[in-house]
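Here is a short report on one protein chain. Look at the sequence and the fold, then read on.

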Amino acid sequence: MKLWISKNSEVPVQEQLTTQLILGIVSGDLASGERLPSTTQIARRFNLHANTVRAAYRELAERGWAEWRTGSGFYVRALDSQPKLDPRLDLDHLISTFLSIARGRGHSLEEIQSR
């Protein structure tokens with residue numbers, strides 16, 4: 001999965017990372033059960049503080065997109081095994097469902113974004 005981080009953006013780096021990882025999960029670029037890159041790898045790659053990456057990963061876990069496995073790291077949680085989440089996050093799951101259906105019918109991410 002490709003990530004793009006802009007330190008000059010008005011959007012905080014942590015939010016950029018979290019959003020892109022969620023889109024990677026929804027689009028299927030990150031498969032259920034797949035291990036996310038280590039916080040050190042991401043931090044070095046983008047010249048970020050490791051705590052920024054850890055905070056993004058913890059947010060993913062809190063929102064039900066990833067899970068922490070002690071001694072092993074963060075992994076993508078299976079979409080069908082996600083617990084009932086905070087109702088305020090319902091829109092995330094509606095978008096996820098929409099993208100899954102559209103991708104399942106053969107529409108590319110580029111086509112979805114352009115429409």
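## A charge over a ring

The charged end of Arg69 sits over the ring of Tyr75, 3.9 Å from the ring centre. Such a placement requires NZ of Lys or CZ of Arg within 6 Å of the ring centre and within 35 degrees of the ring normal.

This is a predicted model, in which local features need pLDDT of at least 70, side-chain atom pairs count only at pLDDT 80 or more, and totals for chains, interfaces and linings use all residues. Residues are numbered from 1 along each chain as its sequence is written, and side-chain values use heavy atoms, with hydrogens and water left out.

## The chain as a whole

The protein chain has five helices and two strands. From the N terminus on, their order is α-α-α-β-β-α-α. Helices (H or I, at least four residues) and strands (E, at least two) are DSSP runs, numbered from the N terminus.

Of the 115 residues in the protein chain, 37% are buried. Buried means under 20% relative accessible area, exposed means over 50%, and partly exposed lies in between (1.4 Å probe, protein chains only). The chain exposes about 7,500 Å², and carbon and sulfur atoms supply 50% of that area. Accessible areas come from the Shrake-Rupley method with a 1.4 Å probe; for residues, only the protein chains shown count as cover.

Contact means heavy atoms within 4.5 Å. Among contacts between residues at least 6 apart in sequence, 51% join residues at least 24 apart.

## The aromatic cluster

How many aromatic pairs does the structure hold? It holds two. Rings of Phe, Tyr and Trp (its six-membered ring) pair if their centres lie within 6.5 Å; planes under 30 degrees apart count as stacked, over 60 as edge-to-face and the rest as tilted. The rings of Tyr57 and Phe74 have planes at 65°, so this pair is edge-to-face. Tyr57 lies in helix α3 and Phe74 in strand β2 (residues 73-76), so the pair ties together parts that are 17 residues apart in sequence. Trp68 and Phe74 form a tilted pair.

| Pair | Centre to centre | Angle of planes |
|---|---|---|
| Tyr57 and Phe74 | 5.2 Å | 65° |
| Trp68 and Phe74 | 5.0 Å | 55° |

Together, ring pairs link Tyr57, Trp68 and Phe74 into a cluster. Tyr57 is buried, at 1% relative accessible area. Phe74 is buried too, at 11%.

Thr39 is in contact with Tyr57, and also with Ala50, Val53 and Arg54, leaving aside neighbours within four places in sequence. Thr39 is found in helix α2. Its relative accessibility is 13%, so Thr39 counts as buried.

## Loop and surface

Is Asn47 buried or exposed? Asn47 is exposed, because its relative accessible area is 62%. Its place is the loop between α2 (39-46) and α3 (50-62). Phi of Asn47 is near 55°, a positive value in a residue other than glycine.

Now turn to helix α4. His93 is found there, in residues 90-104. At 21% relative accessibility, His93 counts as partly exposed. His93 and Val26 are 67 residues apart in sequence, yet their C-alpha atoms are 9.3 Å apart in space.

Leu94 also has its place in helix α4. This leucine is exposed, at 52% relative accessibility. Leu91, Leu94 and Ile95 form a nonpolar surface patch, with about 290 Å² of accessible area together. Patches are made of residues with over 30% relative accessible area and no salt bridge; like charges are joined within 9 Å, nonpolar side chains (Val, Leu, Ile, Met, Phe, Trp, Tyr) within 5 Å. A salt bridge is a side-chain nitrogen of Lys or Arg within 4 Å of a carboxyl oxygen of Asp or Glu.
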